[in-house]
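Subject: Handover of a structure and summary of findings

Dear colleague,

Please find below the structure that I am handing over to you.

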Amino acid sequence: MRRFRIEHRTVYRYARAVSFGPHRLLLRPKEGPDLRVLRASIQAIPGASLRWGEDALGNIVAHATFAQRARTLVIESTLEVEHAGEESPAQLACASVKLPVSYSAIEAPDLQRAMTRHSPDPQGCVDAWARRFVRTSGDTPALELLEGMVRAVHDELRWEPRDEEGTQMPLETLARGVGACRDFALLVIEACRSLGLAARFVSGYLYDPSRDVEPAPRGGATHAWVQVYLPGAGWIELDPTHGRVGNAHLVRVAVARDPASLAPITGTWIGFPGDAIGMEVDVQVRAVRDVDESGARRLPGRGAEEVAPRRAG
């Protein structure tokens with residue numbers, strides 16, 4: 001097990017004091033077999049009232065309301081998590097899964113929306129790209145196909161950060177050969193769906209061990225990647241930006257069928273159109289310690305973007 005400390009600070013600046021509408025914060029991970037939240041806190045300036053809940057997919061959501069006007073809005077999230085990431089998924093669980101994948105009658109209804117294409121592909125360009133990784137004869141192992149996809153994205157497409165809101169359509173990513181991590185994730189999701197696989201979008205944090213030294217201006221980043229559901233193996237995590245299968249360096253926060261709903265912070269403000277000056281984001285992801293079964297202590301990118309609160313009215 002590895003322990004990470006994650007500090008995520010977002011600052012919004014305005015030319016004059018503005019009012020703030022409700023904000024939705026996706027900053028706390030949902031616990032699972034590979035992830036345990038040891039400590040979590042959210043602080044806001046000006047002060048906010050937080051109401052916690054879950055969305056339709058079980059993501060942990062904080063709904064923030066603000067009573068004061070201000071020229072600066074600061075939201076700081078601090079996490080300490082225990083993470084049992086894998087360099088690759090369980091090989092035995094995936095080894096027997098071949099294409100075409102058949103989901104059971106029990107699972108299929110719940111997976112249906114994750115199998116439904118969300119982006120237009122009138123000329124079948126995404127379909128053709130996906131079929132590159134299917135064997136021309138014999139069965140195609142699902143894990144082999146997924147590894148081929150993420151390696152191709154990493155090797156053939158150029159990563160480029162983008163501050164603008166929204167996600168490129170897969171056709172544009174293929175045509176331009178350039179994209180941010182959320183664009184690469186959506187391309188792989190749609191390619192998997194074209195082959196009958198259930199796939200969904202993941203947002204969270206990326207740990208970069210090469211930056212886990214002092215001094216370090218940044219030790220990680222917000223990030224976007226993919227989960228694909230394989231019978232008997234469950235949700236397998238893919239990071240096409242880095243060409244990796246598995247979640248060894250990924251701390252999952254939330255999942256969705258569509259990337260539009262996964263910005264870490266969304267909300268509204270009330271003021272004049274020119275009041276918004278800008279936004280600053282700083283993320284630190286540091287390894288606190290490694291924990292083995294005896295409890296002994298051992299000493300120890302490419303990223304996604306947030307969405308600035310939109311003006312209301």
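A salt bridge is counted here where a side-chain nitrogen of Lys or Arg lies within 4 Å of a carboxyl oxygen of Asp or Glu. Please note that the model is a predicted one. By this rule, the structure holds 20 salt bridges.

Several of these residues are joined to one another: Arg3, Arg36, Arg39, Glu80 and Glu82 are linked in a network of salt bridges. Within this group, the side chains of Glu80 and Arg39 meet with an N to O distance of 3.2 Å. This pair links distant parts of the chain, since Glu80 belongs to strand E5 (residues 70–83) and Arg39 to strand E2, 41 residues apart. The two partners may also be described by their accessibility. Glu80 is buried, with a relative accessible area of 10%, whereas Arg39 is exposed, with a relative accessible area of 52%.

A further salt bridge is formed by the side chains of Asp34 and Arg252, at 2.9 Å from N to O. Asp34 is located in the loop between strand E1 (2–25) and strand E2 (35–45), while Arg252 is in strand E14 (residues 250–256), so the pair ties together parts that are 218 residues apart in sequence. Both Asp34 and Arg252 are buried.

Asp239 forms a salt bridge with Arg244, and here the closest N and O atoms are 3.9 Å apart. Asp239 counts as buried, at 0% relative accessibility; Arg244 counts as partly exposed, at 30% relative accessibility.

The largest cavity has a volume of about 40 Å³. Ten residues line this cavity, and the closest to its centre are Arg244, Gly246, Asn247, Ala248 and His249. By class, the lining of the largest cavity comprises three nonpolar, three polar and four charged residues.

Where in the chain is Asn247 found? Asn247 sits in the loop between strand E13 (244–245) and E14. With a relative accessibility of 7%, Asn247 counts as buried. Leaving aside residues up to four places away in sequence, Asn247 touches Asp34, His83, Gly85, Glu86, Glu237 and Arg252. Among these contacts are Asp34 and Arg252, the partners of the salt bridge at 2.9 Å described above.

With kind regards

Note on methods
Residues numbered from 1 in each chain as written. Predicted model: local features only at pLDDT ≥ 70, side-chain atom pairs only at ≥ 80, totals over all residues. Heavy atoms only, no water. Helix = DSSP H or I, 4+ residues; strand = E, 2+ residues; numbered from the N terminus. Buried < 20%, exposed > 50% of the residue type's maximum accessible area, 1.4 Å probe, protein only. 1 Å grid on protein atoms, 1.4 Å probe; cavity = no way out; pocket = protein on both sides within 12 Å on 5 of 7 lines; lining within 4 Å. Points joined across faces, edges and corners; volume = space filled by probe spheres on them. Nonpolar A, V, L, I, M, F, W, Y, C, P; charged D, E, K, R; others polar. Contact = heavy atoms within 4.5 Å.
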